[in-house]
Each structure stands twice: as C-alpha cells, then as structure tokens.
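My notes follow the model below.

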Amino acid sequence: MAEAATARADATVRLGARNISKFYGPVRANRDISLSVAPGEIHAIVGENGAGKSTLMRILQGMEHPDSGAIIVDDQEVRFSQPQQALETGIGMVHQEFMLAPDLTLLENLVLGDEPVSFAAGPLSRIDWAQALQSGEELAKKTGVAVDWRRRAGGTPVHIQQTVEIIRLLRRGTRILILDEPTAVLAPQQVEDLFVLLRNLRDAGTTILFISHKLKEVVALADRVTVIRRGEVSYSANVSETDSDTIARYIVGGNDTSLIETGRASRGKAGDGEVVLNVAGLEAPSLEKSHPLHGVSLSVRKGEIVGLAAVSGNGQDELVECLVGLRSASSGRVDLLGGDVTHATNGERRRKGIAYISADRRHEGLATLAPVEDNVVAGSHDRPPIGKGMFLSLKQKRRVATERLASVDVRYGHLSDPVSSLSGGNQQRLVFAREIASDPKVMVVSQPTRGVDLNGIAAIHKLLLQFRDDGGSVLLVSEELEELLYLCDRIVVMAAGRIVGETPVEGTDIAEIGRMMVMQGHADG
Amino acid sequence: MVNASVESHSSAMSPSIWLEKGFGLAFPFIVALVVAAVILLVIGENPIDIFSLMAKESFGSERRIAATLSAATPLLFTAVATAVCFRTGVFNVGVEGAFVVGGIAAAFIGFSLPAGMGFTIIPVAFAFAALVGAIWLYIPGVLLAKLQVDEVVSTLMLNFVAFGVTGYLVNGPLLSEVSGNNVTPPVHEAAELTRLMPPSTLHAGFIVGILVVIAYAVWTRRTPTGFSAAMVGYSQRFSRAVGISVPASIILVMVLSGVVAGFGGASHALGQLHRFTDGFSPGYGFTGMAVALLGRNSAIGIVLGAILFGALASAGTTIQLFSNIPLDLVNIIQGTVMIFAVVEIGRLRLLTRRAAP
C-alpha cells in the first residue's frame, strides 16, 4: 500500500528478475530473462501465447522456482519457497480466472484468509464484520469504484469481481500488483474503467505488472514495455520512446530479416483457378482463452497455398476445426469442391477430399501409445484394400503401412512400436504419410513444423510444395511468418476472430504482416 | 474413462518384451500369493501345504478340473463383455446387470415356449437373452455417446435396477408355483445345455464361452470396427480427427458387451441352474472385470484369467472341508489379485499421461 511504498521509496528496482531460466524437461520456457520494474511504474509484458509470460509470472509469484537466476524485490535478492511468501513481501496477482469463492459474499471474499477479529484470539473470538466492511469501503473509495459488499460473488459482474480481487490484494498489503490479461473478460467501457483504476493505484504508489497481447492497451496504459518471444526478452523500452509497429515486430520475430529476402520457394500457378475451398460468413463459438469467429470469409483455389497468419488464440484453431468438421459453425457456410459441407462430419469431408494436419500432433495428429502401423493406416482401415466387408486384412494393413512410411521416409524401429518412440520430425512425417495417402484435394495444415528439427522442416516444406505442384490446395496456419512467406502464394491475416487483411506474398514483408496481426487484435475489445 | 486398451501386438516382439509382459501378467498373482502366505503364517498354517492342497483341489483330478472349468464358464462371458468396452476406453461396470437380465430372459424362454420345440428352444433363448442384454447396455451407451453421461455411474446404477427388476419378476409374475420362493419354474429338459462330464456341472456353455472368446479375438484384430474401437480407446481426439466416429464405436461396444453378457446369462441359466433364481450371479460381472484387467483385454489372457479365478472358486468351496482354512482366504487372494490388476491399470494411465502431458 501507499505507506509501504513510500517507506522504500529509495529503491530503484521494485520488482525484478535477473537471468531467470526455467526448463520443463527439454522445453525451454524461460531463458536468461532479466527484467526490472521501477517503483510506481506500470510495466507491460507482451508476447504470444506460449512465449513464456505465464511461466515468468508464476516464478515472480513463488508458484514455480527458476532453474537459475534470481528474483529482485526492492533491490534485494529474494527467494520464495511458496506463494505465501511472495504475498507477504507485497506481490499479489490477479489471475485470468478469478479466485473468488462464488457462494460467499464479496465482503466474505474480501477478508477470507485474513479476517479481522474482535477479542483477539480464544474461543470468544469472532469476525468483526463492521471493521471488514469499513476497510473494504475505504479501499473501494480509494480505487474509485462502488461495491455492493453483500452480493454473492458468483452473481456479480466480472468487472466488479476483478475490482474486488484487486482490493482484496491491496488489503493484504500488496504493493506490486500483477495482472494476467485483465482485459480479456471486459467490455470496452469496463476496460476504460479498469485503466482509470490502475492509474489511480500507480499514482498512489503501487507498482503494476500487466500482461497483455493487445498493443493498443499497452500503449494506452503502460509506462514501459517488455516483449518476450520464445522464452527470451526480445525487446524492452519506454512506451514514450517506441511505437506499436516496433513492438509488433519484436512480438512476431520479424526483426530476423535474413530469411525474408532469400527465403522464397517457387510460387504456385494458381492464377484464377477454380475455388476448391470456400468459407463465407462463418461464425463459431470459441475454445478456452481464445476468440470466437466473426463472419470469417476466405477461399482457396486449386494449386495454391494460402497462409493464415495470426497470433495464437485469435480464432485460427476454431476456423481450422470448422473447416475439417470437428466443430460446428453457428452460422455461415463452408463449401468444399463445390459442395456445401457446413454440416458434414469430419469423415464425410475426408471422403470428399480434405486432409488435416493437426497443430496438436501428440493428442490429435497421432495416438501416441498406439503402434506405428495403426497410426499410419487409421482412417483408411475400413475400406479396400485393408477393410474388406466385415473383415480387415492384416496382410494388407501391414503392406499399406510399410509403403506409406517409405513414401515419406519415416524412420521407425518396428511397425508394432508405439509412435511415441519416434522423434518429433518422424512423427510429423508419419502424419503426412497418412494424410497424403488418401489422395486429398485440399489439405488443412496447422503448425506443421512445430517441434520438428531442421531436416524435418525441410522435408515437410518439400512435401507441401510437391502437393501444390501436383494440383493440390493448402490452407496453411502457422505462427512462423518466415514459413508462411516461404511457402505461400498469399497470406490472410486473422485477429480477434476476424479476417483483418489479405496480401499477396510478393512485396510484403514480415513487419507489415506482424503489424496487421497485432494491431487489430482488439477490434472488439 | 479409463484407457485400458493395451493389447498384444504379437507379430514380432523381442523375448525381453514377452518376459516383461509375462511378468506383468503374473505380478498380481505373485503379490496375492505372498499376502496369503503371510496370513497363513500368522494363523499358524504352512502356506506350502495349503497352496498345494488348493492346487490339488482345483486341478488334481479330472473331476476337479471339470469343476474348475465349470466355475470359469460364466467368467469367460463376463470378461469378454468387459474387455470389449475397456479396450475402447469405456469403463462399463454394468456387465453384472446385463448378465442377470440375460439370465432371466433365457430362463423365461426356456420354460414358457412349448416343450415340443425341443432343443431349438436353446438358440431362441440365447438370442432373446442377447437382445435383452444389448438393449440393457445400449441405454448407457447412447447416454455416454450422445450426452457424455458418465458410464461408470449409469452402468453401476443399472446393475441395481437389474437386481430390482429381476427380483420382482421371480417373486411375482415369473414365480414358480411349486418350487417356493424367489425362483422361476425350471426350463424344459430339452432347453438344458448338455453336461459335458457328468456328474460335474461342466456344461456346453463352456464351449460357447470359448467360441465367444475366439470371436472376440477375431473382432479385435481382424475387423474394421474392432480397429476403430481400439483407436477410440487410445485417443478419442485422434479418432475423431481421422474420421472414426467415436459415438458409433462407443454404442457398438456397449451393444456387443450386452450381447456377450446376455449370452453369459443364458449359458448360466440353461446350463448351470436350469432356471433363474434371485441371487442368480454371485458377482460374475465384477469378477469378469478383474479377469479382463488381469488378461489385459487379450483373448488368451482372458481364458487364462477365467480359469485361474475358476480354480480359486472351486478350490475355495472344498478347501474348508479339508483344513482349518476358512473360505475367506480365497476371497483375500481374489481381492488382492483384483487390487493389483487395477494398480496395473493405474500404471497404464500414468504412462498415457506421461506420453501426452
């Protein structure tokens, strides 16, 4: 609180990280992250989903321990063995999912875990509700909001719940407030109110760390911004000395200009060929922590690769699921090879000629514990040559599997080994072997090279280009803009569940696409 | 749902894998024998004597073997009925109920059709029992496939419905007028399954059970629907994404489970008891679950598991005649085997989770 903050006004770094690294097995979540937040500053942390922001926040909060590096509070190195210690030090976090108990009133939630008591301790001790209410009212006045403390938390609008979370932390002595994408659940006007509240808190001495991937909000609210990309700090600057374009470029990694000039495969010869996949006015509800689709329209012609660029969680996964028949659209229409497939199942669409490379290879692209053989024939096991009427030919199954695996050079031990024994690149090749074998006309391909080594990437790129040259069409979703520029004939940009732009690849650079991806990511708040 | 779909992909595995698998299969028994041995030592008996007595009582003579196979017969059916679902990741615990309703259905046909039909009553009774069993488990199957109603709860509850309904029927509409309480009239003599080794109760139902296990083996490996079901057991998301209909697989395996459990009930009613009685099944459905877990859903594992549990049951009934050992010892062994068979499933789930974090 304000008193606490002034007591340590001489500190130059209120909250900081020094060379923090954190690994989950082989996955590098944070590498050598350094960060310093000055007292009374609003500091924005931006980056794509999965960039490592949440890991860093969990470390700062004492929920995870860094493998190396240190946390700094008031210029001093500190160690938290549990979240409680961080809270006592004055670090409080407002999570995306609010932590209020829905069946308690807001006042009960406010004091939960730290109730003011009369008669001190002993059997006669009881909660002093008058004092609780008074402290709540005081803090509410300070933050400039009106709270009806007797309401049940579960029946309270989200923005009030959020305010109560903040007040609750302030009451516990929080002077460093961490907010994890606080505007994700708010309507535009409520975002304004929240910003007013946060500025008031800052002016009263609270230091604020604010996680977001909406650049407009960062520019509007923050004093300083730090960009995290792939687990590392890629950029840090005062907001007054930078601009959104620059930040955007660092978020999507467009500053590696080396690949852009040279990295172009031969273009397809689509011209104005027939449209094989057409999407019109598609609307669909969203997955968790993502965006619903709003009137998405796009088309893919015969013999072209169309890229779909979007920061993750902006509706591309929903769109892909709608296209392949794993999610039903609430309105709009999908046409595949001239026929309406809006309400067709995945199996029906596959029989019409669509194939699907899932972004989630381990859970959707493969059954990791099932044998290599079964993974590569699944989906065509019920028709000739493998399926013959009621029966399945083991001999044909083995033959087909062996041929398919050889066709894309998958390295495996034995057909009966579980697919999890293969390397990432070989697993993805196996997926391609299965999908291409059904002789599709259109492939919907999502993040095909994620977690694949360099050789594997080259092989997968070759497969996609070959498929296109043979007259196939591809919708390619990727977070790797270099990959999109390398493979695609044109690129469609999606943000917040809408198509926000389309550009041919010639004459476009990563910065331009990056700007579209990030700048419009908040069209509807 | 439980992912219990690990089967032998036998084609060409190294000896060490076979060894590991063999040990994995035997492990619950080893632990159970150790536990039993400790208990026997505590109560002052010689475990080796008791175990050899048990072995003699279950496999020591032609008659004892027949008794063991007779006790294994219902387990063949209930274990296959369970395995069909488990390998698909559907945790159906309602085989017991389907077995019971299948039993009363077969008994009803067996005494109500004209005796003049002769042995043709038997296939009619089996077919009717299968139909009733299939409908019985179709209901939770559809609820799971279409509405994601938890199958453990629905099938477990349906067991109580089965006990209640059949209990009412044998005390009311189907009550025998001459035999007293809680039983239906006996089936016609022509409807009884042949005794294979009189005077033992081993009957032709055992052969039907073996045929069912063979059919199960063929279905799992050599049919498209069996393949689809295995994929659903490995991963529902994967199956959906490659165009396999998950709801269709779930409903199919529940119906198949009902058919097999119904057959089991018919076999037990026509071959063993020759009627339906209250308390028709002393938990065959649940013991069958243990057999399926123990046998890792494989056909051979199911046959071996059923015979082993049959042996325990047949030894248990006579062992207390010849020693001071109470029947409870057999129950302890059975219980320990089941616990460790379930532990094995837990280990498999853990592996699944590690493979897919």
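**Strand β10 of chain A**

I checked which way the side chains go: Thr207(A), Leu209(A) and Ile211(A) point one way from β10(A), Ile208(A), Phe210(A) and Ser212(A) point the other way, and all are buried. Buried here means that 20 or more other C-beta atoms, placed from the backbone, lie within 10 Å of the residue's own. In a regular strand, side chains alternate between the two faces of the sheet.

I note that the model is predicted, with local features needing pLDDT of at least 70, side-chain atom pairs counting only at pLDDT 80 or more, and totals for chains, interfaces and linings using all residues. Residues are numbered from 1 along each chain as its sequence is written, and chains are lettered from A and ligands numbered from 1 in the order in which they are written.

I then counted burial for β10(A), residues 207-212: 6 of the 6 residues are buried, so the strand is largely enclosed by the rest of the structure. Strands are DSSP runs of E, at least two residues; helices are runs of H or I, at least four; both are numbered from the N terminus.

**Its partners**

I looked up pairing, which takes at least two DSSP bridges between two strands. Strand β3(A), residues 42-46, pairs with β10(A) in the parallel sense over 5 bridges. Ala44(A) stands opposite Phe210(A) there. Strand β9(A), residues 176-180, also runs parallel to β10(A), joined by 5 bridges. Leu179(A) has Phe210(A) as its bridge partner.

**The chain contact**

I found 24 residues from chain B and 28 residues from chain A in the contact. Contact means C-beta atoms, placed from the backbone, within 7 Å.

Technical notes:
Contact = placed C-beta atoms within 7 Å. Buried ≥ 20, exposed ≤ 12 C-beta atoms within 10 Å, placed from the backbone.
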